[in-house]
Amino acid sequence: MKSLSIRIAAAFTLCMFPSSGTAQTPQKVDRQVAVTIDDLPAGMADRLPAADITALTAKLLGTLRDQKIPVVGFVNEKKLYKTGEVDERIKALQMWLDYGFELGNHTYSHASLNQVGLKAWEEEVIRGESVTNMLLAPRKMKLRYFRHPYLDTGRDLMTRRLAEAFLVERGYRIAPITLDGWDWMFAGLYEDAKKRNDTALQQQIVKEYLAYHDAVFAYSEQLSIKVAGYEPKQILLLHASNLEADHIGELMDVLRKRGYRFVTLEDALGDSAYSLPDDYVGEEGTGWLDHWAITQGKIPRGAPVFPQWVMDRTKELHLSTGTVTPSEP
Ligand SMILES: [Zn+2]
C-alpha cells in the first residue's frame, strides 16, 4: 500500500510539472518526525549563568511555538541546584510548560546505566522526578517519558530488562531515538565561538551542523527501509543549547525539505516499528535503528562520518560533551 501511494504521488508530480522532463523530481514521501530535546535546563548549565539559560530557553521555545512543533524536553534536575540561582533555573524549566511543551525524566545527574549500576541508577530516576513533578502537578500532568542518558540501555540483557520493568512500574514509557546528528558536539564549539564573538567560526559550525544532520537523516531513512521495511515515524534527538536556540529553525527547514512534518512523541510511539524485536546490549549507547539492525544480525554500515575538524577543535578546547558526567562532584 505504502509504495503504491508513493508511486501515485510521484506520477502526479510528473503530470503537474511536465516541463521538468527527466530532471530528478523529488518524491513526496509522507515523512513524520517527533522532536525531543535533552539535558534541560541546558546541556552546559554548569557553565552558563541562569540569565543565559533563561535567554536561550526563551529563544528556543519561541521558535518552536511559532512553528507549531510539538516537543518533549528531558530534564536533569541536578542542573537546577546552583547557589543563588535555583529559583531562576526552575523558572526556565517552568517556561517549557508555559509555552505548551511537555517534560520528561533524563535522571537527576545524567547517570549512565552502564556506569553506575542498576540500584544507583534507579535512585537517579526517582531523584530526577521531584521538581518536575512539582511543576506538572498543578497542570494535572504526570511524568510519562524517560530518556536514557548517553542512550545507555544496559551492558547485559538482564540489567536492560530489569531497568525497563522498573521504568514501566513507575509509569514511564521509554523514549527511543532514531535520528541523531550529535548536535551536542557542534554546540560545545559553537558556545565557545559565540563567547569570543567569532562569527566566522559560528557560521562555519552552523553550516557543518546542518549538512551533517541532512546526511544523517538520509542515512537513517535508508537504514529504516533495511530494518523495518519502511520509514517509521522518526524521533529526533537534540540538546538544549545556544546552537539550537539560535538555529533550530534552520534545522527544522532541513527536515521540511526532506518532506517531514512534525508530530508528537505520543503519535510517533504509536508506530509499530517501536515494538520491533530489540535485544541490543553494549558498552556504547546508540539509536534504535541500530538496535533493530543488530538484533536482526545486520551490521549498520555507511553512516556519515562526523566532521573531523569539529572533533579536533572540541578536544583542543577541552570542552565538556554538553552533558554532566556521573563522576562530576
Ligand atoms: Zn543527555
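Which residues are buried in helix 2? Before I answer, some ground rules. This is a predicted model, where local features need pLDDT of at least 70, side-chain atom pairs count only at pLDDT 80 or more, and totals for chains, interfaces and linings use all residues. Residues are numbered from 1 along each chain as its sequence is written, and side-chain values use heavy atoms, with hydrogens and water left out.

Now the terms. Helices (H or I, at least four residues) and strands (E, at least two) are DSSP runs, numbered from the N terminus. Buried means under 20% relative accessible area, exposed means over 50%, and partly exposed is in between (1.4 Å probe, protein chains only).

So, helix 2. Its buried residues are Ala50, Ile53, Leu56, Thr57, Leu60, Leu61, Gly62 and Leu64. Look at the spacing with this in mind: an α-helix has 3.6 residues a turn, so residues three or four places apart point the same way. What covers these buried residues? The cover includes strand 1, strand 2, helix 3 (86-98) and helix 10 (242-257). For that cover, contact means heavy atoms within 4.5 Å.

How about length? The expected span of a helix is 1.5 Å times one less than its number of residues. Helix 2 has 17 residues and should span 24 Å, and its end C-alpha atoms are 24 Å apart, so the two agree.

Just after helix 2 comes lysine 68, with a positive phi of about 55 degrees. Lysine 68 is a residue other than glycine. The residue lies in the loop between helix 2 and strand 2 (71-75). Is lysine 68 buried or exposed? Exposed, with a relative accessible area of 68%.

The peptide bond from leucine 40 to proline 41 is cis, with omega near 5 degrees.

Step back for the whole protein. There are 13 helices and eight strands. Of the 329 residues, 52% count as buried. Take the contacts with a separation of 6 or more: residues 24 or more positions apart account for 82% of them.

Next, the largest pocket. On a 1 Å grid over the protein atoms alone, a pocket is an open set of points with protein on both sides within 12 Å along at least five of seven lines, and lining residues have an atom within 4 Å of a point. Grid points are joined across faces, edges and corners, and a volume is the space filled by probe spheres set on the points. The largest pocket has a volume of about 810 Å³. Its lining has 35 residues, and the closest to the centre are Leu151, Asp180, Trp182, Gly285 and Thr286.

What kinds of residue line the largest pocket? They divide into 17 nonpolar, eleven polar and seven charged. Here Ala, Val, Leu, Ile, Met, Phe, Trp, Tyr, Cys and Pro count as nonpolar, Asp, Glu, Lys and Arg as charged, and the others, Gly among them, as polar.

Which helix gives the largest share of that lining? Helix 9, with five residues. Helix 9 has 30 residues and reaches 42 Å from its first C-alpha to its last, close to the 44 Å expected. Just after helix 9, glycine 229 takes a positive phi of about 85 degrees.

Start with asparagine 114, in helix 4 (residues 113-116). Asparagine 114 counts as buried, at 2% relative accessibility. Its side chain reaches the backbone nitrogen of glycine 154 at 2.9 Å.

Then arginine 161, in helix 7 (residues 157-169). Arginine 161 counts as partly exposed, at 33%. Its side chain makes a polar contact with the side chain of glutamate 164 (3.0 Å), and also reaches the backbone oxygen of aspartate 278 at 2.8 Å.

Finally threonine 314, in helix 13 (residues 308-316). Threonine 314 is buried, at 8%. Its side chain reaches the backbone oxygen of valine 310 at 2.5 Å.

Note on methods:
Polar contact = N/O pair within 3.5 Å; in protein donor to acceptor, adjacent residues only side chain to side chain. 1 Å grid on protein atoms, 1.4 Å probe; cavity = no way out; pocket = protein on both sides within 12 Å on 5 of 7 lines; lining within 4 Å.
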